[in-house]
Amino acid sequence: MAALEVRDLEVRFAGLGQPALAIPELELEAGARVAVTGPSGCGKTTLLNMLTGLECVRHGHVAWAGTDLASLGEGPRDRWRAAHVGLVMQDFHLFPGLSALDNVLLPQRLSRWRLPAGLADEARRLLDRVGLPDPRQKAETLSRGQMQRVAVARALLARPDILVADEPTASLDAEAGAAVADLLLALADETGATLIVATHDPRLAGRLTRTLRLDAGRLI
Amino acid sequence: MLGFIAADLRRHWIGVLAVTLIIALAVALGVVVTLQERALRLGSARAAQAFDLVVGAPGSETQLVLSAVFLQAAPLPLMEGDVLAGLIADPRVAWAAPVGFGDFVDDHPIVGTTQQLVGGLGRLVEGRTFAKLDEAIIGAAVPKEMDARFHPMHGQPQGPAEVHGGISYRVVGRMAATGTPWDRAVLVPIEAVWRVHGHGADAGHDHDHDAAPKPRGMAEARQQHRDFAPDLDAPINPAALSEAHAPGLPAIVVKPKTIADAYKLRRDYRSAHTVAVFPAEVLTRLYGTLGDARQVIALVAYGAQALVGAAILLVVVIHVLQRRRQIGALRAFGAPRAAVFAIVWLEVLTLLGTGMLAGFALGYAAARLVSRVVETASGIALPVIATPTDAGALIGLFAVGALVAIIPALLAYRQSPAAALRG
């Protein structure tokens with residue numbers, strides 16, 4: 001549960017006169033349910049990159065619960081993100097050749113020598129919670145809907161207080177998309193995490209409590 | 001992390017296999033050059049061990065050694081017949097034995113010599129030494145039975161040859177394997193060689209066989225040559241070697257009593273009529289040339305390895321760039337940068353290590369194969385021996401590879417995690 005405070009955020013790309021993103025002020029309370037919408041190229045992904053610390057904040061401030069991402073170097077930002085942010089992406093990014101369980105555990109396995117006791121059990125519990133019958137199934141043999149469920153389980157394993165999803169339903173059929181949307185909302189409720197979802201899907205956006213509409217890098 | 005690396009390598013197994021194989025072949029090339037050059041050096045040095053000093057007529061010292069020690073067929077100039085007598089009588093000489101060539105049986109050279117050289121080369125494993133002129137001792141690699149009889153052939157089967165139809169030798173003994181070209185040789189008393197070629201005290205005629213009427217053409221001359229049958233049914237007469245009118249010899253193997261004697265003998269027999277050489281000395285000179293050739297070949301091998309290294313670096317870099325979204329995703333999900341670096345680095349090191357070990361095995365096997373082929377053809381045993389320096393060279397190569405592999409690993413390390421998202 002972290003509150004967000006954005007001040008004077010501006011992102012410029014070389015060769016472009018207008019800033020790709022310009023947000024003078026934005027505040028979200030802890031546990032908010034926020035949709036980010038807008039046409040393609042409006043700056044949704046750029047905003048998510050800034051809010052999750054995937055890219056460096058060069059101008060302005062992005063502060064989660066008092067931690068200003070602009071003041072963190074790349075290594076500390078990675079560590080902060082690993083501890084606080086769960087990410088779900090449009091194209092899942094599961095690693096073929098690994099089982100569903102190993103995919104859920106992979107980020108934790110890569111960040112420490114030895115898995116903390118109980119983490120594998122927690123991963124199994126999460127896979128069960130998202131409705132995956134067999135945790136040993138190889139990632140490449142899952143259906144697309146199942147893949148996104150595994151990705152949701154992976155995003156939640158480190159108990160993040162911020163859950164960010166980038167077009168989580170865009171590459172799924174309506175039914176699987178609705179199921180994943182249900183999961184995201186339910187799990188955000190269960191964990192109390194702040195949920196930010198970039199989406200084109202009006203049904204998904206409509207189920208969230210607040211909508212940030214972006215156009216040409218500006219909130220409207 | 002290791003599980004992820006294993007899964008990743010398994011998933012790209014075709015590429016992994018191809019890259020490993022290419023590394024293995026490049027490494028094997030270098031290994032074969034090193035091992036085979038060493039084998040040639042050791043093998044030839046061992047082959048020359050029994051030959052302390054070789055005396056011949058003035059001419060090419062290298063050819064003298066190649067012919068007398070390695071039994072390479074070549075027309076050598078002949079020394080005067082009294083040189084051997086002088087050496088046998090010399091108090092500084094333990095023994096001196098003639099080496100006379102000329103005939104073959106199948107493609108095995110028939111070497112005329114004396115009991116001393118047979119003793120100097122090794123021991124008999126079967127039968128006894130020759131006592132009569134028509135008796136022969138065979139080398140370990142000559143496929144003949146005891147008591148077998150054979151006709152010598154003048155010249156080699158591949159070239160123009162004449163069978164000495166009227167002459168036959170009988171196998172009475174077999175030598176132990178020596179790992180030298182002498183394993184392929186047939187040893188007969190030197191007197192027999194002289195008589196077969198029309199020399200010798202009681203033959204009384206030269207190679208024109210002038211006891212017979214003058215031939216009236218080539219065909220008849222050949223026929224006479226084929227039918228020529230000197231009397232070999234006589235015991236060996238050691239005194240024949242010391243006779244003043246003994247026929248000329250191409251080479252004499254000398255065993256000096258001491259090292260000092262060896263040097264004195266070499267000095268004394270370097271004259272207008274004879275030349276004396278230490279085969280080891282000539283070999284050292286040959287090794288110099290061999291070493292130069294090895295360096296050239298080794299440079300080519302290193303060049304091939306460098307090219308292969310560069311090509312593989314390119315492949316790995318392209319592969320890393322192609323997977324930048326996947327690598328970004330790893331970091332986006334919380335894997336530290338160091339882990340991303342380690343994954344790429346360890347994957348490259350795995351390929352490199354596997355390829356190099358396989359390459360060494362492949363190179364070793366190839367060197368053994370080359371040795372076996374050369375051994376069958378020449379009789380020179382070429383021992384393929386890996387030394388600690390080889391391991392050192394491999395470790396050095398691995399270290400260089402590990403350093404170069406830092407490049408793609410750094411590339412992955414610097415990959416922005418934002419690449420994982422769309423766009």
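In chain A, four strands form an open sheet: in what order do they stand, and is the pairing parallel or antiparallel?

A: Keep in mind that this is a predicted model. The four strands of the open sheet in chain A stand in the order β2-β1-β4-β5, and their pairing is antiparallel. At the edges are β2 (21–28) and β5 (67–68) of chain A, and each of them pairs on one side only. Strands of a sheet pair through backbone hydrogen bonds, either parallel or antiparallel.

Strand β1 (residues 4–11) and strand β4 (residues 61–64) of chain A run antiparallel, joined by four bridges. Find L4(A), and you will see W64(A) of β4(A) opposite.

Chain A also has an open sheet of six strands, in the order β6-β7-β8-β3-β9-β10. Its edge strands are β6 (85–88) and β10 (218–219) of chain A, each pairing on one side only. The pairing in this six-stranded sheet is mixed. One antiparallel pair is strand β9 (residues 210–215) with β10(A), held by two bridges. There, L214(A) stands opposite L219(A) in β10(A).

Now move to where chain A touches chain B. The contact involves 26 residues of chain A and 24 residues of chain B. The size of an interface is often given as the accessible area lost when the parts come together. Here the two chains bury about 2,500 Å² between them, with 63% of it on carbon and sulfur atoms.

Side chains of opposite charge can pair when their charged atoms come close. Over all chains the structure holds 36 salt bridges, and the count between chain B and chain A is four. Look at R331(B). This residue forms a salt bridge with E74(A), with the closest N and O atoms 3.0 Å apart. R331(B) sits in helix α11 of chain B and E74(A) in helix α2 (residues 74–84) of chain A, so the pair joins two chains. The side chain of R331(B) also meets that of D78(A) in a salt bridge, at 2.8 Å from N to O.

On the side of chain B that touches chain A, α1 (2–11), α11 (324–332) and α12 (337–378) of chain B each supply at least two residues. The largest share, six residues, comes from α11(B). By type, this side of chain B divides into 15 nonpolar, four polar and five charged residues.

An unreviewed UniProt entry gives "domain: ABC3 transporter permease C-terminal" for residues 303–416 of chain B. That span is 84% helix and 0% strand, with its end C-alpha atoms 36 Å apart. UniProt, again in an unreviewed entry, also marks "transmembrane region" in chain B at residues 12–35, 296–318, 339–366 and 391–413. Take residues 296–318 of chain B: the chain there is 100% helix, and the end C-alpha atoms are 33 Å apart. Residues 391–413 of chain B are 96% helix and 0% strand, with end C-alpha atoms 32 Å apart.

Methods
Residues are numbered from 1 along each chain as its sequence is written. Chains are lettered from A and ligands numbered from 1 in the order in which they are written. This is a predicted model: local features need pLDDT of at least 70, side-chain atom pairs count only at pLDDT 80 or more; totals for chains, interfaces and linings use all residues. Side-chain values use heavy atoms; hydrogens and water are left out. Contact means heavy atoms within 4.5 Å. Buried area is the accessible area (1.4 Å probe) that two parts lose on being put together, summed over both. Ala, Val, Leu, Ile, Met, Phe, Trp, Tyr, Cys and Pro count as nonpolar, Asp, Glu, Lys and Arg as charged, and the others, Gly among them, as polar. Two strands pair if DSSP finds at least two bridges between them. UniProt positions are given in the numbering used here, feature names are shortened, and annotations may be inferred rather than shown by experiment.
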